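Here is a note to read with the model open beside it. Please keep the sequence within reach as you go through the points.

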Amino acid sequence: MSGIAATVRLDGGPGDAALLERMTACMAFRGPDGTRTWSEGPAGLGHALLRTGDVAREADQPLTLDGATWIAADARIDGRGELIRELRGAGRGVDGDASAAELILHAYAVWGVASPERLLGDFAFAVWDAPRRRLFCARDLFGVKPLFHARAGAELVVSNTLGCVRLHPGVSDALDDAAVADFLVHGHPEELDLTVFRDVRALPPGHALVAEDGEVRVRRWGALPTGAEPLRYRRVTEYVEHFLEVLGEAVRDRLPEGAASLFLSGGRDSTAIGALAREAVDRGERRTELRAFTAVYDRLLPDEERRYTRMAAGALRIPVDFTAVDGYEAFERWETPALRRPQPTDAVLGAIEADQLAQAAAHARVLFTGQGGDAALRETRSRLTKLVAAGHPLRALREAAEYAWWHGRL
């Protein structure tokens with residue numbers, strides 16, 4: 001991801017350009033394609049650019065369209081066609097190949113602080129609105145892109161890189177006891193705005209931050225719908241068709257021009273993504289060179305990952321690179337920069353992840369993983385339990401028998 005940083009003096013005094021330069025330089029590892037800063041009066045923005053080969057132009061940032069409102073963003077905007085039509089309908093002259101940052105600026109010009117509600121995709125951004133002397137930051141609904149902030153006296157610092165925020169001399173290294181306790185018990189903070197550092201807060205998913213008139217306010221701008229009426233179709237196949245339509249559109253939105261890597265397991269999630277990506281390429285909707293990467297165990301434990309991945313990759317005509325990870329040890333290379341994390345982690349085999357990411361990055365700057373699909377659909381009760389509880393014991397028995405027939409086990 002690209003790096004973003006923002007600073008603003010809440011008392012209206014001149015900003016610290018030297019601090020902004022240090023913060024932006026701290027994000028150089030995120031920005032192999034260059035770092036830039038902009039500052040004026042009480043505010044400043046920094047950006048470290050990672051080009052992903054997106055079909056849309058990736059403009060250099062910080063960016064302005066009118067000289068008055070500036071943005072630093074790490075964003076991918078989906079549903080571009082519909083958004084551009086809405087913006088043009090509102091009188092904005094939007095290019096069809098406008099970058100994500102440009103689209104966000106246009107959206108802010110039309111809808112102001114309500115603009116995130118009109119954006120679809122993964123994003124974290126900071127907008128400095130000079131006429132209103134307002135810093136406006138927002139994070140996407142699912143929290144795919146991180147965003148951190150800290151108030152140090154009269155100054156507010158914001159970045160998607162935690163270590164960048166901690167560079168401010170007024171931000172202490174003191175730990176947050178509640179966050180540390182959560183990590184020790186749960187492996188992560190239970191409160192979405194906590195970090196292990198007392199002075200640094202995370203902006204929760206679907207939230208926005210507004211710094212204006214000397215005050216800093218955090219508010220929720222969106223949430224996943226709850227209690228919505230479920231979809232009802234006559235045929236089971238209609239559910240499948242609808243799901244494939246939605247998932248296919250999501251994959252196409254994310255496919256870049258050029259190359260893309262895929263962590264392929266041979267399981268449902270990553271294989272479904274690979275299949276839909278292959279369909280989009282075969283239909284000529286995208287010109288993307290796909291390559292898969294898979295970690296396997298050959299000796300340490302029973303593992304059919306290699307077999308199933310080879311079957312899936314062969315069917316999808318996607319070349320695959322296997323990495324045998326039997327020889328990795330717990331805490332291997334723990335102190336090296338590649339494995340260093342801004343907050344505590346319980347990933348004792350982080351060296352495997354680091355090496356796999358390096359492999360994937362050597363092929364492309366866009367990586368599909370399939371991670372999160374099972375978790376999003378996971379239920380605490382089994383399907384059979386839910387069927388019985390809903391008054392369908394015979395159906396539960398029939399499905400259990402069918403499963404046993406196909407899989408040879410319950």
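1. Basis. This is a predicted model, in which local features need pLDDT of at least 70 and side-chain atom pairs count only at pLDDT 80 or more, while totals for chains, interfaces and linings use all residues. Residues are numbered from 1 along each chain as its sequence is written, and side-chain values use heavy atoms, with hydrogens and water left out.

2. The largest core. The largest nonpolar core holds 27 residues, and those with the most contacts inside it are Ile-71, Ile-77, Leu-103, Leu-119 and Phe-125. A nonpolar core is here a set of buried Ala, Val, Leu, Ile, Met, Phe, Trp, Tyr and Cys residues joined through side-chain atoms within 4.5 Å; buried means under 20% relative accessible area, exposed over 50%, and partly exposed in between, with a 1.4 Å probe and protein chains only. Two or more residues of this core come from each of β5 (69-78), α2 (80-89), α3 (100-111), β6 (120-129), β7 (134-139) and β11 (207-212), and the largest share, eight residues, comes from α3. Helices (H or I, at least four residues) and strands (E, at least two) are DSSP runs, numbered from the N terminus.

3. If its neighbours within four places in sequence are left aside, Ile-77 is in contact (heavy atoms within 4.5 Å) with Leu-83, Ala-100, Leu-103, Ile-104, Leu-119, Leu-120 and Phe-123.

4. The structure holds 29 salt bridges, each being a side-chain nitrogen of Lys or Arg within 4 Å of a carboxyl oxygen of Asp or Glu. In one of them the side chains of Glu-86 and Arg-118 meet, at 3.4 Å from N to O. Because Glu-86 lies in helix α2 and Arg-118 in the loop between α3 and β6, the pair ties together parts that are 32 residues apart in sequence. Glu-86 is partly exposed at 30% relative accessible area, and Arg-118 is partly exposed at 38%.

5. Further salt bridges. Arg-217 pairs with Glu-212 in a salt bridge whose closest N and O atoms are 3.6 Å apart; Glu-212 is buried, with a relative accessible area of 14%, whereas Arg-217 is partly exposed at 39%. Glu-238 forms a salt bridge with Arg-235, with 4.0 Å between the closest N and O atoms, and Arg-235 is partly exposed at 45%. Salt bridges that share partners also join Arg-76, Asp-78, Asp-122 and Arg-254 into one network.

6. A surface patch. Which residues form a nonpolar patch on the surface? They are Phe-142, Val-144 and Leu-224, with about 320 Å² of accessible area together. Patches are made of residues with over 30% relative accessible area and no salt bridge, like charges being joined within 9 Å and nonpolar side chains (Val, Leu, Ile, Met, Phe, Trp, Tyr) within 5 Å; accessible areas come from the Shrake-Rupley method with a 1.4 Å probe, and for residues only the protein chains shown count as cover. Val-144 lies in the loop between β7 and β8 (148-152) and counts as partly exposed, at 46% relative accessibility.

7. Two helices. Helix α12 (residues 393-407) has 15 residues and reaches 21 Å from its first C-alpha to its last, close to the 21 Å expected at 1.5 Å a residue, where the expected span is 1.5 Å times one less than the number of residues. Gly-408, whose phi is positive, near 70°, follows α12. Ala-178 lies in helix α5 (residues 177-186) and is partly exposed at 42% relative accessibility.
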